[in-house]
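Hi,

Here is the structure I promised to send over.

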Amino acid sequence: MALPSINPTTTNSWKKLEAHFKEVQHLKMKDLFVKDDGRADKFTISWEDFYVDFSKNRITDATFQYLLELADEVNLKEAIAQQFSGDIINETEGRAVLHTALRAPKSATVTVDGQNIIPEIHRVKEKIEGFTHEIVSGKRKGYTGKAFTHVVNIGIGGSDLGPAMVVDALQYYKNHLTTYFVSNVDGDHVNEVIKNLDPETTLFVVVSKTFTTQETLSNANTLKSWFLETATEADIAKHFVAVSTNLESVKNFGIDPNNIFPMWDWVGGRFSLWSAVGLTISLAVGYANYAQLLEGAHSMDVHFKNEDFKSNIPVVLALISVWYNNFFEAESEAVIPYSQYLNQFATYLQQGIMESNGKSIDRNGAPIDYQTGTLIWGEPGTNSQHAFFQLIHQGTKLIPADFIGFTKALHGNQDHQDKLMSNFLAQTEALLNGKTKEAVSAEGTKASIIPFKVFEGNKPTNTIFIDKLSPKSLGKLIAMYEHKIFVQGVIWNIFSYDQFGVELGKQLANKILKEFNTDAVNEHDGSTQNLLKHYKARK
């Protein structure tokens, strides 16, 4: 069954929001707090170890009610049920969208083409668990009989960003294996990694659904050639494993068929870390922690699927984002995790959000005349406070921000944690209240300098407080943003799970590559023609 195809701008709730926006666009949030001393409690969701405060937003009770009505009018509840049940909601590619099934328990039933896919998913999990134990324990050894000490993940996009972010985020839980990620086709990337490797003790995980991705195969072949400088073709089977659907090409590469971990076409690359694409995560932190990651994501799935919209974390965050994107015309959102472990989190979300919802054609195949997608950016606090916070505080752009913080430090240094969290809380307060010229003047500031020290405030933030950064809480956090993406896509009436915009540049790159070493030149625009000549002359 197809997803509902409703142009949101034609709904009654959208029209209500347009009229309402004209009334409230200049409201000051701090005034709303003065008028309603229960505002913080009213606009807070407490769920398991998550505490989500969305009260520091430019919304009133009426705003929230109209946004909830919008969710109902676009048939969001029906769309959620369709996703979880395995309907072909990725219609342009004829696929179901079932990353949620990858973290479902054994007792679940999810049907694709008449088959329950859950038993197969758990067979692959068991294979990941067994393989992880053999590598981590040292039972499985390299071609000279030495235990593995290094793991290199070779992939790009979803085959790299998700696993790389999670391994970095869960560094506290890492075992003795040293993990590297090679993604960029830039040869300097792979060669810098090679400097740190010993062929006798390195395991290579090649992740490519089709086993045809240019960047991944180029890097895999470079690493294979380096490996064969000291090893034999027969040794490849002991040191290379693959996550792929293209069994024939994997075997031709020299990988043992027993060391192939399957993928499925109902999992999009940017949502695939929950599948065998997460093998490197399991190797890096141990299968028990990887299982906890999946369990956390499943908890958020259940919350998203069953919770009433008014207290449904992904739904609420998505609706607020639509409010800013489509009514305030805020084009970007900042994601600020107050944890150095999450230093790759915003980068990971960039792919998930911008690749999914960067669309200009609706589900009916018609051009869209309203904004979709949001630009996502961010860095950890407190580093970010010394970088781009100037723009958020005193710039001319409205930039809603998610602040993500943890009440407990993993290493237990309370002094550091208190300083970190004081900044975390202070920044959202400062963005809310700003600083008046009277307050600046009272500090004895020279009159001519006062305007430069005034902060307008009224800058919106969501505060996501989590007890501790654990594999389980990280799984919840990632799944929360995945579901936010889905809700926004449903509201904007777009297909969130194809990515045809990625393909055009790749196709042209293949044509240009052939021209580098031949006299043949395809027809290009004047600029590209000149640049091509310059490169060929100088390389």
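Let's start with a salt bridge: K310 pairs with D308, and their closest N and O atoms are 3.5 Å apart. D308 has a relative accessibility of 43%, so this residue counts as partly exposed. Keep in mind throughout that this is a predicted model.

There are 20 salt bridges in the structure. Another one brings the side chains of K484 and E333 together, at 3.1 Å from N to O. K484 sits in helix 20 and E333 in strand 10 (residues 332-337), so this pair ties together parts that lie 151 residues apart in sequence. Buried means under 20% relative accessible area; K484 comes out at 5% and is therefore buried, and E333, at 8%, is buried because of that cut-off too. Salt bridges with shared partners also join D36, K42 and D61 into one network.

Helix 20 (residues 471-492) turns up again with E482. R103 makes a salt bridge to E482, with 2.9 Å between the closest N and O atoms. This pair links distant parts of the chain, 379 residues apart, with R103 in the loop between helix 5 (76-85) and strand 3 (111-112). Both R103 and E482 are buried.

Now the pockets. The largest pocket holds about 830 Å³ of space, and 27 residues line it. Nearest its centre are T210, T213, Q499, V502 and K506. Helix 9 (214-227), helix 15 (345-357) and helix 21 (503-516) each give at least two residues to the lining, with the largest share, 4 residues, coming from helix 21. Sorted by class, the lining has 14 polar, 8 charged and 5 nonpolar residues.

The second largest pocket has a volume of about 380 Å³. Its lining has 17 residues, and Q340, Y341, A409, Q417 and L420 lie nearest the centre. Helix 17 (residues 414-433) contributes the most here, with 5 residues. By class, this lining divides into 8 nonpolar, 7 polar and 2 charged residues.

Is H393 buried or exposed? Its relative accessibility is 11%, so H393 counts as buried. The side chain of H393 makes a polar contact of 2.8 Å with the side chain of Q427. Leaving out residues up to four places away in sequence, H393 touches A430, L431, F455 and K459 as well as Q427.

Cheers

Technical notes: Residues numbered from 1 in each chain as written. Predicted model: local features only at pLDDT ≥ 70, side-chain atom pairs only at ≥ 80, totals over all residues. Heavy atoms only, no water. Buried < 20%, exposed > 50% of the residue type's maximum accessible area, 1.4 Å probe, protein only. Polar contact = N/O pair within 3.5 Å; in protein donor to acceptor, adjacent residues only side chain to side chain. Contact = heavy atoms within 4.5 Å. 1 Å grid on protein atoms, 1.4 Å probe; cavity = no way out; pocket = protein on both sides within 12 Å on 5 of 7 lines; lining within 4 Å. Points joined across faces, edges and corners; volume = space filled by probe spheres on them. Nonpolar A, V, L, I, M, F, W, Y, C, P; charged D, E, K, R; others polar. Salt bridge = Lys/Arg side-chain N within 4 Å of Asp/Glu carboxyl O.
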